[in-house]
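Subject: Handover of a structure

Dear colleague,

Please find below the structure that I am handing over to you.

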Amino acid sequence: MIKHKSIPKREFNYCPICGEKLLVDSIEGKDRKNCRSCGFVDYKNPLPCVSIIGIKENKIALIKRGIEPSKGSWAPPSGFMEAGEKPEETALRELYEETSLKGEVIELLSVHTHDVEIYGSLLIIIFLVRITGGDIKAGDDALDAKFFELEETPEMKHDFYHDSIEKAKNLIKKRYKLK
Ligand SMILES: [Zn+2]
């Protein structure tokens, strides 16, 4: 995962194209920062990221987050998509970077939007992944990484993580035998 520790908030004050100071004007019905010199408009689009519900033998791989947001809390491995990457590729790359585990994407579980102070609006794509190999080990951005029994997952900051785990459990029971 890319580190942005020193950036307090993603906010342009000057045009990232030509360097002029941005001004606020009503554009397409909303007040938006824009550059009157080159026409750049600072649209606020969600930033896509991927979270992984990684399962092996009725256990789930979770990390204790080492960076903001939600530093110190347990969460599924997660990270930002890179340009040119498919969401499934992001899932497997982030899983490996944060836990040293390898896996295969089984199915899309859910998609959410969520606002955080540092990055603004996030689009969070959550995949069910079957862990296929590797020994679990926390990556640079995590304080810890370990497997939890699916029935004994720790408290996590967002309901959508818990909801996705419930959905994964039901899918595993009904359709797959993830071992
Ligand atoms: Zn400009």
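The notes that follow describe what was found in it.

Please bear in mind that this is a predicted model.

I begin with the overall layout. The protein chain is divided into domain 1, residues 9-44, and domain 2, residues 47-174. Between the C-alpha centres of domain 1 and domain 2 the distance is 34 Å.

Next comes the metal site. A zinc ion is held by the SG atoms of C15, C18, C35 and C38, at distances of 2.3 to 2.4 Å. Along the chain, these donors follow the spacing C-x2-C-x16-C-x2-C. C18 is found in the segment before strand β1 (23-27), while C35 is in the loop between β2 (30-34) and β3 (47-56), so this pair ties together parts of the chain that lie 17 residues apart in sequence. The arrangement around the zinc ion is tetrahedral because the angles subtended by the four donor atoms run from 99 to 121 degrees, and four donors count as tetrahedral if all angles lie between 85 and 135 degrees.

C18 is partly exposed, since its relative accessible area is 37%. C35, by contrast, has a relative accessible area of 2% and is therefore buried, as buried means under 20%. Another cysteine, C49, is also buried, with a relative accessible area of 8%.

A disulfide is a covalent bond between the sulfur atoms of two cysteines.

I turn now to the strands and a helix. Strand β7 (residues 102-116) pairs with strand β8 (residues 120-133) in the antiparallel sense, over 13 bridges. β7 and β8 form a hairpin, with three residues between them. As one example of the pairing, K102 has G133 in β8 as its bridge partner.

Finally, helix α1 covers residues 87-99 and contains T90. Is T90 buried or exposed? T90 is buried, because its relative accessible area is 0%. Leaving aside residues up to four places away in sequence, T90 touches V50, G79, F80, M81, E82 and E85.

Yours sincerely,
A colleague

Methods. Residues numbered from 1 in each chain as written. Predicted model: local features only at pLDDT ≥ 70, side-chain atom pairs only at ≥ 80, totals over all residues. Heavy atoms only, no water. Helix = DSSP H or I, 4+ residues; strand = E, 2+ residues; numbered from the N terminus. Buried < 20%, exposed > 50% of the residue type's maximum accessible area, 1.4 Å probe, protein only. Contact = heavy atoms within 4.5 Å. Donors = N, O, S within 2.8 Å, 3.2 Å for Na, K, Ca; no water. Tetrahedral: all angles 85-135°; square planar, octahedral: opposite > 155°, others 65-115°. Domains from an automatic or database assignment. Pairing = 2+ DSSP bridges.
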